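The following paragraphs walk through a few local features of one model. Please keep the sequence and the coordinates open while reading.

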Amino acid sequence: QEAVSSLFTILINDVNSFSNQSWQYTLSTIILPIYDIITFASQKPNKLSLQQTQWIQQTSQKSIELLISLFSIHFDILSFGLNELFDIIVYSVSQDFDGLTNSVFTNFFEFI
């Protein structure tokens, strides 16, 4: 969770040092794979330990909160990635993790 927070802190604070092409690359190769891992792990709930399930819940909640914040702060630069953001939001809301749906909705409403 600390690594995810550090990543998004850097992205939020250093937005001006990225070109549009750099943002597209960063979104597709660094940011979106975080959600691929969460999606893959959450599709195998019976094979996960309680500790792994808690990690997925906490990491997904924090990373979605930070992703929405990133888009909120730098919408003018990141608007090209709205489809991916909406896909992540829809998937996250459909999961049965405690507090995740409320967190996603709260952050999404702040975004819009």
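I112 lies in the segment that comes after α6 (100–111). The model is a predicted one. The relative accessible area of I112 is 65%, and because the cut-off for exposed is over 50%, I112 counts as exposed. I112 also belongs to a nonpolar patch on the surface, which it forms with F105 and F109. Together, F105, F109 and I112 have about 340 Å² of accessible area.

T26 belongs to helix α2, which covers residues 20–42. Is T26 buried or exposed? Its relative accessibility is 5%, and buried means under 20%, so T26 counts as buried. Which residues is T26 in contact with, once its neighbours within four places in sequence are left aside? They are L11, F18 and I31.

The last topic is charge pairing. How many salt bridges does a search of the whole structure find? The search finds one. In the salt bridge between K62 and E65, the side chains meet with an N to O distance of 3.6 Å; the cut-off for such a pair is 4 Å. Both K62 and E65 lie in helix α3, which spans residues 50–73. They are three residues apart, about one turn of the helix.

K62 has a relative accessible area of 27%, and E65 is at 27% relative accessibility. Because partly exposed covers the range between the buried limit of 20% and the exposed limit of 50%, K62 is partly exposed, and E65 counts as partly exposed.

Key:
Residues are numbered from 1 along each chain as its sequence is written. This is a predicted model: local features need pLDDT of at least 70, side-chain atom pairs count only at pLDDT 80 or more; totals for chains, interfaces and linings use all residues. Side-chain values use heavy atoms; hydrogens and water are left out. Helices (H or I, at least four residues) and strands (E, at least two) are DSSP runs, numbered from the N terminus. Buried means under 20% relative accessible area, exposed over 50%, partly exposed in between (1.4 Å probe, protein chains only). Contact means heavy atoms within 4.5 Å. Patches are made of residues with over 30% relative accessible area and no salt bridge: like charges are joined within 9 Å, nonpolar side chains (Val, Leu, Ile, Met, Phe, Trp, Tyr) within 5 Å. Accessible areas come from the Shrake-Rupley method with a 1.4 Å probe; for residues, only the protein chains shown count as cover.
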